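Let's take a walk through this structure together, one piece at a time. Have the sequence and the 3D view handy as you read.

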Amino acid sequence: MAVTKIRKVSSWTLLISCIISVVALIMFYTGGVVDPAAEMKEPVYTGLLLNWTYILFGLTIASTVVLAAWQFMGLLKHDAKSALMSLVVLVLFVALLGITYTLGDATPLTGLNADSQAYNTAGWLKITDMWIYSTYALIALIILAVIWGTVRKIMNR
């Protein structure tokens, strides 16, 4: 595919997903509530917004996996060392997830409603902590990479 075709496809994909997201958000916030007398108000279009979020998440994960495999196969043919380095990064990411999972706290939360109790288990609590701690670690690594890149650029002058 030519660069212009890739740019057109990605631009149209971004535009369409943004339009659908804006429409879903407008419907969610302006669509009213199921029971106005309820203590906890539930918007009518909560399901629509959640389903659209799941679709975006699923498409993101699927395209990431497919494109990563495609890139790995291409690198393996031309530059095996780079392909192995990308595999090392994947292994380190899985190790990060494993370490942060073990750091997670499994103490049940108190004061939750009956619907939330299904997720108040040790496994879900540790998975939640895993994602939070992994996010913190990745943000710290991004900051370190920016600092390291800036210092390296200054030192090479």
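This is a predicted model: local features need pLDDT of at least 70, side-chain atom pairs count only at pLDDT 80 or more; totals for chains, interfaces and linings use all residues.

Now step back to helix 1 itself. It has 28 residues, and at 1.5 Å a residue they should span 40 Å; the C-alpha atoms at its ends are 40 Å apart, so the two agree. Which residues of helix 1 are buried? They are Ser17, Ser21, Ala24 and Phe28. An α-helix has 3.6 residues a turn, so residues three or four places apart point the same way. And what covers those buried residues of helix 1 includes helix 2.

Next, some empty space. Rolling a probe the size of a water molecule over the atoms shows where it is left. The second largest pocket holds about 350 Å³. Helix 1 (3–30) and helix 2 are the elements that give two or more residues to its lining. Among the lining residues are Ile6, Val9, Thr13, Trp52, Leu56 and Ser63, and Ser17, one of the buried residues of helix 1, also lines this pocket. By class, that lining has seven nonpolar, five polar and no charged residues.

Finally, move on to the largest pocket, with a volume of about 600 Å³. Here the elements giving two or more residues to the lining are helix 2 (46–78), helix 3 (80–103) and helix 4 (122–155). Of the 19 lining residues, Thr64, Ala68, Ser86, Leu90 and Phe93 lie nearest the centre of the largest pocket. Its lining has 16 nonpolar and three polar residues, with no charged ones.

Key
Residues are numbered from 1 along each chain as its sequence is written. Side-chain values use heavy atoms; hydrogens and water are left out. On a 1 Å grid over the protein atoms alone, a cavity is a set of points where a 1.4 Å probe fits but cannot get out, and a pocket is an open set with protein on both sides within 12 Å along at least five of seven lines; lining residues have an atom within 4 Å of a point. Grid points are joined across faces, edges and corners, and a volume is the space filled by probe spheres set on the points. Helices (H or I, at least four residues) and strands (E, at least two) are DSSP runs, numbered from the N terminus. Ala, Val, Leu, Ile, Met, Phe, Trp, Tyr, Cys and Pro count as nonpolar, Asp, Glu, Lys and Arg as charged, and the others, Gly among them, as polar. The expected span of a helix is 1.5 Å times one less than its number of residues. Buried means under 20% relative accessible area, exposed over 50%, partly exposed in between (1.4 Å probe, protein chains only). Contact means heavy atoms within 4.5 Å.
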